[in-house]
Amino acid sequence: MTEVISEKLPTTRQTPFDPPPELARIRDQAAISRLKFADGHLGWLVTGHHQVREVLGSPKFTNDPAEHHLLEVRFQGEVPKERRRIKPGMFLNQDPPDHTRLRRMLQGQFTVRRMNQLSEWIGTIVDDQLEHLRSFGGRADLVQEFALPVPSLVICALLGVDYDERHRFQEDTAKLLSLNSTFEEAMAAMERIEAFMRELIARKKADPGDDMISDLLATGEPTDEEASNMAMLLLLAGHETTANMLGLGTFTLLRHPDQLKILRDEPDVVDNAVEELMRYLSIIHFGPVRTATEDVEIDGHLIKAGDTVVMHVPAANRDPEKFPGNPEELDLRRPATGHVAFGHGIHQCLGQQLARIEMRIAFAKLFQAFPDLRLDTAPEDVPLRTDMGIYGVHALPVAWSS
Amino acid sequence: MKISVDQAKCCGSGMCVLTDPDLFDQNDEDGTVVLLEEHPDAAHEASAKEAAGLCPAGAITIS
């Protein structure tokens, strides 16, 4: 077998909705290929759907950032190992048994049943935000007035964070996610968010409310540091990802009028439409990343202990072996279940059932309330988040007449 | 067909409940899987297999 080696991970998109075209070529040649890292390490790039699932489902890999070789994409791949150590409570990066212990403290809060019970309340938040959007008359930025506020209001209320204090974390979240931030800038932003979270934990301890953070503290299980980092993870993960799916998803639908017509004519298609938008857009540029903790064979390749593996979720979500027909096309009626946009394995998105409900309600109500919603700028002028760790649109100028 | 679930492996993603709420539920305390039907009838066999395939933690087996 000839090995396919990439000197660098392709990251330049040619179109707003598609991953860089080189990825499909790499996947067609080798679903598992070699990739060079900033320090010269020859690691792996996984672009096939079942291969991504296999790595993410294996207990022989860690998501501890201190163990990963880095790509040049961020900080030129130069971050001292001791500054990459995970902080207690950042369960996304922890291995079992710590990961299991911490995640289980929260899992009961995000069950399908609990999230379904929130439908009506989320519907009210969406309706209020649509009224706010309408108050602009006939044109507005959908990101600032709808896509970002909806998930931010939801996660703030669930966690018990005062929405009026969002300036204390939203700007710093942007700095943390910006690929243009220096390492020191990103760390400074992180420290400010951490300070806010520590203050929040102290407040909740003194004056508990009816919210997830108070409930978590009431169990007496996590240390203050763990609780603070767990809450930070939920807050950041809870608004950036869904907000960008709403913004980019709306842009996508407006650019695919035949598909938007299906969504408008057949309201029941919305559940599958959300899965298909997740599959088609993936919302991250690439990743997640894992490092092997022992030698492991994946799909005929021997991955050695210490090797870093970059999974490419956008490429895997367009793998024709998993999604036959034309996986490069958006098709709201396609069976899209099984996409890996929420990941796979024990770290699969904890908030995915909340994200699903938010997206189903938001997309359905947006296009009901604004049947003639349209782009208010040339499509090529929509500012894309190519400079951010999470993709999407920085702004989406829209217009309507009724 | 027999469904088995492993609570120790379960990571509470809810994919099984999303796929077939007649067969699976989640514990309110820690979100782990609760099996409602060990032996699904013919109408639920396909969704039982789908749920096993979708489970991110490999906590559902079909025999």
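Trainee: In this predicted model, what makes β5, β11 and β10 of chain A an open sheet?

Mentor: The three strands run in the order β5-β11-β10 with antiparallel pairing. The edge strands of chain A are β5 (139-141) and β10 (374-375), and each pairs on one side only.

Trainee: How do you know that β10(A) and β11(A) pair?

Mentor: Pairing requires at least two bridges between the strands. β10(A) and β11 (residues 397-399) of chain A have two bridges, in the antiparallel sense, so they count as paired. Within this region, Leu375(A) stands opposite Val398(A) in β11(A).

Trainee: What is the secondary structure of chain A as a whole?

Mentor: Chain A comprises 15 helices and 11 strands.

Trainee: Why is chain A called as compact as a globular protein of its length?

Mentor: Its radius of gyration is 21 Å, and the globule rule gives 21 Å for 402 residues; the two values are close, so the description applies. Along the principal axes, the C-alpha atoms of chain A fill a box of roughly 60 × 55 × 40 Å.

Trainee: What makes a residue of chain A count as buried, and what percentage does so?

Mentor: A residue is buried if 20 or more other C-beta atoms lie within 10 Å of its own. Of the 402 residues of chain A, 45% count as buried.

How values were computed
Residues numbered from 1 in each chain as written. Chains lettered and ligands numbered in written order. Predicted model: local features only at pLDDT ≥ 70, side-chain atom pairs only at ≥ 80, totals over all residues. Helix = DSSP H or I, 4+ residues; strand = E, 2+ residues; numbered from the N terminus. Rg over C-alpha atoms; globule rule 2.2 N^0.38 Å. Buried ≥ 20, exposed ≤ 12 C-beta atoms within 10 Å, placed from the backbone.
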